[in-house]
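Student: Could we go through this model together, taking each label in turn and asking what stands behind it?

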Amino acid sequence: KKHEAAADHRRETNQGIPQGSARQQRLARREQDPGPTYDKLIEMQDLRTAHPAFVLSLYDTGLTVVQDLAAAGIAVTGFDPDRSQPGFSSRRCRAVVCPRPDQDRELVELLIREAGRHSENPVVFPASDAFVAFLARNAARLRERFLVNIPESDLVNALVSKTTQYDLAERAGAIVPRNFRVSDPQELALAANKLRFPVFLKPAL
């Protein structure tokens, strides 16, 4: 019965956490490790003096941020518009369904409401390109209630775009992989004649 109870606990803990890649398996193992849950961190912290953390995106990247912050003794609230993301199954944060990152007004209003649960300004950690862009667009307003460290919106937009990101890196003298930008099958065929494996394909969003 003891082993059955442990197995049930693992199934409950890992519900919704993908088990495919090595990284995803590591995230799942970290959820099983004994460590502070969100409720325990709230008990331990004096919310009058402690800065909480808000993590935007609860995909595996965001879940890694959540786990690292919780391990440091920081109470974390995570946000994502998709309830199926693995962070919603984490014991290390309080997970909140939020508007999409392109719904600026609605998302800003929700974050400000959630910040009202704390006396100290939350520190915001964006964990996806879309949330980084959202934070850059709304930094001026959010800085009134949050601790936000992000470049100007124009620079963020340039870095989020893979095309301009490579251009900026090359102008700065950074070594970047040889790259081809294609927009139609003909350009792809021309680039294919010059490619040498290994090759990494990624959309330039």
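Tutor: Let us start with accessibility, where buried means under 20% relative accessible area, exposed means over 50%, and partly exposed lies in between, with a 1.4 Å probe and protein chains only. This is a predicted model, in which local features need pLDDT of at least 70 and side-chain atom pairs count only at pLDDT 80 or more, while totals for chains, interfaces and linings use all residues. Residues are numbered from 1 along each chain as its sequence is written, and side-chain values use heavy atoms, with hydrogens and water left out.

Student: Why does Pro-203 count as exposed?

Tutor: Its relative accessibility is 52%, so Pro-203 counts as exposed, the cut-off being over 50%. Pro-203 is found in the segment after α10 (185-192), where helices (H or I, at least four residues) and strands (E, at least two) are DSSP runs numbered from the N terminus. The C-alpha atoms of Pro-203 and Arg-181 are separated by 9.3 Å, and these residues are 22 apart along the chain.

Student: Is Ser-57 buried or exposed, and why?

Tutor: Ser-57 has 5% relative accessibility and therefore counts as buried. Ser-57 is in the loop between β1 and α4 (60-71), and its phi, near 105 degrees, is a positive value in a residue other than glycine.

Student: What makes Phe-54 and Phe-79 a tilted pair?

Tutor: Rings of Phe, Tyr and Trp (its six-membered ring) pair if their centres lie within 6.5 Å, and planes under 30 degrees apart count as stacked, over 60 as edge-to-face and the rest as tilted. The ring centres of Phe-54 and Phe-79 are 5.0 Å apart and their planes are at 55 degrees, so this pair is tilted. Phe-54 lies in strand β1 (residues 53-56) and Phe-79 in strand β2 (residues 76-80), 25 residues apart, so that the pair links distant parts of the chain. Phe-54 is buried at a relative accessible area of 1%, and Phe-79 is buried at 0%. Together with Phe-146, Phe-54 and Phe-79 form one aromatic cluster.

Student: How do you know that α5 and α6 are roughly perpendicular?

Tutor: Axes are lines fitted to C-alpha atoms, for helices over the stretch in contact, and angles run from 0 to 180 degrees between N-to-C directions. Angles under 35 degrees count as roughly parallel, over 145 as roughly antiparallel, 65 to 115 as roughly perpendicular and the rest as oblique. Helix α5 (residues 104-115) and helix α6 (residues 129-137) pack at about 85 degrees, with their axes 11 Å apart, and α5 and α6 are therefore roughly perpendicular to each other. Asp-104, Leu-107, Val-108 and Leu-111 of α5 make the contact (heavy atoms within 4.5 Å) with Phe-131, Phe-134 and Arg-137 of α6.

Student: What makes a set of residues a nonpolar core?

Tutor: A nonpolar core is a set of buried Ala, Val, Leu, Ile, Met, Phe, Trp, Tyr and Cys residues joined through side-chain atoms within 4.5 Å. The largest nonpolar core here has 21 residues, and those with the most contacts inside it are Phe-79, Leu-111, Phe-134 and Phe-146. In this core, β1, α5, α6 and α7 (139-142) each supply at least two residues, and the largest share, five residues, comes from α5. Apart from this core lies another of nine residues, including Ala-53, Leu-58, Leu-69 and Cys-93.
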